[in-house]
Amino acid sequence: MEALRQDDPRRFGPYTTLARVRESAVAVHFLARGADRDGLAVVTAARPALASVPAFRRRFWSEARTAERLAGGPVPRPDLSPEGDGLWTATAYVPAVTLSEAIGLAGPLPERAVRVLGAGLAGTLSRVHASGAVFQGLAPGTVLVAEDGPRLTAFGPLGAAAHAEAREGGQLSVRLGYLTPEQVEGQEAGPASDLFVLGLLLAYAATGTTPLADGPAEEAAERIAHGSAELGSVPVGLRALIAGCLSKDPAGRPTAGSVAAELAPEGAADRAQGGWLPAVLAAAVTDQAARARALEPPAGPLDDGPRVPPVEERTPTDAVPTGAALPDGGAPGHVVPPGGGHDGDPGEDSRTTRFLGTGARTPRSDRATAQLTLPEEVTNTAPPRLPAAGPPPAQPYAHPAFTAAPPALPAAAPPAAAPRTGPVTGRRALLTAVAAGAAGLVLGGAAVAALGSDGSASATTDEKPTAEPRPALPGRPPEPRWTYARPAKAPAPLTAGVWQDRLLVLTDTAGATAVDLRTGRKVWERADAAGAQSVLTAGEDLCFLAAPTEFLWLSPEDGRIRHRVRFADQFDGVPDMKVAPLTGQSGSVLWFTGSHTVTVRAPKPKKGKKRGKDTQVVKAYFFAYDVVRRKEVWRVAVPAGRAPGTPAYRLIAARKADLVVRQDAGTLTPADVRAGQGKAVFRCFDRTTGKPLWNRRFGTVAPGGAAAGDQEGRLFGAVGDDLGAFETGSGKPLWTLNGTASSVFGTPVAAGALLHTTNRDQEVGAVERATGKVLWRRSTEVPAGDGCPALTLSGSGRTLLAADASQVTAFAAADGRRLWKFQDIGAPAPDGAAVTAPYRVLATGKTSVVVQRERAFYAFPVE
């Protein structure tokens, strides 16, 4: 910490500044006291010269508001400056030291501390990735360790531009962070890039050195791209996880949520309880807190805060002739560090990138960094003074808890008619900048260009912060209309269903709960509906639940049970019936299987012979039941399944005249398995009477292979690595969609003339149902696993959603455009226990879907 300088503002809104904490290339950070004089805060104030640039202001506001949306736990909730009162944010002060200072003070951290650190950071990364953003600001200097866990000081390029130096020609070299293999190869950073950097950071915390990344920039880049990380000094319990994060292939790295779960299954906050820092670090944090509390505002007149000059007062760049001297002795766009000019080459800086100013001198070539030319933009005549390159002197007791800059988001491109007076930055140059650690931000003098969604440099010209509601950005999920989370003390939901597009009904072992689909608020909770495993609609007035021993009809208004039918009372001749999960429903009729055990008496023995033993035989039935009339429609005897005997059927197609089902592989008897010879047997029943019509195999579709049917009499099934279409009436093959050796297909979804497909390569697509012609195929960009994404079509049929254990990916159903991705750690609190349950999507009406991950539910608007 250092005393305030003469020209430093003494006040930001209600905050009175006490001291300078540190400064970066884009902002100065002050320790301040709030209006109540009890609470301390860290105010992050953008440098005035940059704050006057529309593109910078827009990005600053966008990132600050993203931080506001992601707030909680290690992510601070910022207090945003009022419009017209400069450009600053304030967050609550928490005593902490940077990770680099922690290692300098105490050496490598013990394994428990590394686990707390990694779990906290990974949990936050998971939330950042769920927003569709990439962090790109993780480094030893942007991570703080506090008494109750880790904190983050930077989200994205604005916060990560921590140290800078000016060079000849107006070049600005900014230290941003670590490289990743894909960035070295000229590719854009993605969520997996954050996991690689997390691996480097955990290795640094555990050993005090950074594998691959230390040393000169070119050598480090070569090692990162092609070298092997030496992890012999990493504790054995962490070695495999860190090695996975450092995989050269982004697809081979774990997700942030899985890292958090592996490092601290109970959650970072719980693991940090009781103290997680070595004694020397705990003392440093305590001492810093005492120093901060003792600070008082300096004597002297109060400044009303930073002032951004109005547009008419700013001097355009063409007001200063090319080559003319500026008041401080520099050339236009030439940033002069404190202390004067550039006597001597300051040398290369690993993990830096060079940004060009607007000066007239031609920059030198630099293979380790990128040279970018910016579109001209209104700037102040005097560029900001920036600190010299390299880390500042160590002040282990003087760092704030965090800054408020959130994940980097792409800026909007300028209008098509906007003229560009300078050379246009090419995509290759920008990717080269990313490879040098630029993370999509380009600084030149006081000008800023942001990496647009098309990969080109663009500058915005809007004068005001983005208005609410915020527009959707490419890859970023829309804002949820609401979120709902089951309490941690409540049992995990058994199932969830939608009633009449009005209620989300959840069931668990303690009862049933209804949530209003418009607001996300709980409507009612009924303990006497515990254990139900299916939620269906029973006409216009009642909600239907199927429990293991009974059917229930509930009032949607208050959850009261209006009707209750116990199987023993309703289904004559089937005492003690055991019911499998429901087969399916169409209209008011549902289908299910049930069985019971009967005793078959041994026949009367012949004279002189002993009587044989009675035997127990399972009798199974397939039922049709009308849930509106509460009446059995028909039942038909079917072969029993594996012990305890109830076969479980899954509905493949419900057509006007008949329905096709297949028995779940887990309920096949050994005799059924042998008779099937590795192929699934499909059964067809008359829809009106239940009369069995045929049993048939289709190609080599396996008992557990994916299968679905349509209304036109076609059946689609996984045939080895391919997807085949068959005519159900004859079993004749119609067409085959070829796959790869690993692309086992999952259950497709028919919609109109299209069939949407999914496979284990984490690809989804669309083909013509009649011909199998491929219309589009896209990757969810999730590492390949054992399962296929589960597909759900929105009520309008325009959006296709693919859900798996890692995320939900939304595509335009017509052409496969990737719309957005969503991830979450599965708990409402960022330090809550991470879960590994797969995501599930429920369509609700034509314009929304509900995404579930165990206890957490999110309502998203969709087309």
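In which strand does Ala-843 lie? Ala-843 is found in strand S46, which covers residues 840-844. The structure is a predicted model, in which local features require pLDDT of at least 70 and side-chain atom pairs count only at pLDDT 80 or more, whereas totals for chains, interfaces and linings use all residues. Residues are numbered from 1 along each chain as its sequence is written, and side-chain values use heavy atoms, with hydrogens and water left out.

The chain contains 15 helices and 48 strands; helices (H or I, at least four residues) and strands (E, at least two) are DSSP runs, numbered from the N terminus. Of its 863 residues, 55% count as buried, where buried means under 20% relative accessible area, exposed over 50%, and partly exposed in between, for a 1.4 Å probe and protein chains only. Contact denotes heavy atoms within 4.5 Å. Among the contacts in the chain with a separation of 6 or more, 59% are accounted for by residues 24 or more positions apart.

Ala-843 counts as partly exposed because its relative accessibility is 31%. When residues up to four places away in sequence are not counted, Ala-843 touches Val-498, Thr-792, Leu-793, Ser-794, Gly-795, Ser-848 and Val-849.

Strand S2 (residues 15-23) is largely enclosed by the rest of the structure, because eight of its nine residues are buried. Two strands are taken to pair if DSSP finds at least two bridges between them. Strand S1 (residues 11-12) pairs with S2 in the antiparallel sense over two bridges, and Phe-12 stands opposite Tyr-15 in S2. The hairpin of S1 and S2 has two residues between the strands, and Gly-13 adopts a positive phi near 55° there. S2 also pairs in the antiparallel sense with strand S3 (residues 27-33), over six bridges; Thr-16 has Arg-33 in S3 as its bridge partner.

An open sheet is formed by three strands in the order S7-S8-S9, with antiparallel pairing. Strands S7 (96-98) and S9 (149-152) stand at the edges with a single partner strand each, so one side of each is left without a neighbour in the sheet. On average, neighbouring strands of this sheet are turned by 35° against each other, direction ignored. Axes are lines fitted to C-alpha atoms, for helices over the stretch in contact, and angles run from 0 to 180 degrees between N-to-C directions. S7 pairs with strand S8 (residues 143-146) over three bridges in the antiparallel sense, and Leu-144 in S8 is the bridge partner of Thr-98.

Two helices lie across strands of this sheet. Helix H3 (residues 99-106) lies across S7 and S8 and runs at about 90° to S7. Helix H4 (residues 111-130) lies across S8 and S9, at about 40° to S9.

H4 also packs with helix H7 (residues 191-207), at an angle of about 165° and with the axes 10 Å apart. The two helices, H4 and H7, are therefore roughly antiparallel to each other; angles under 35 degrees count as roughly parallel, over 145 as roughly antiparallel, 65 to 115 as roughly perpendicular and the rest as oblique. Residues of H4 including Val-114, Leu-117 and Leu-121 meet residues of H7, among them Leu-195, Leu-198 and Leu-202. By class, this contact of H4 with H7 has 12 nonpolar, two polar and one charged residues, where Ala, Val, Leu, Ile, Met, Phe, Trp, Tyr, Cys and Pro count as nonpolar, Asp, Glu, Lys and Arg as charged, and the others, Gly among them, as polar.
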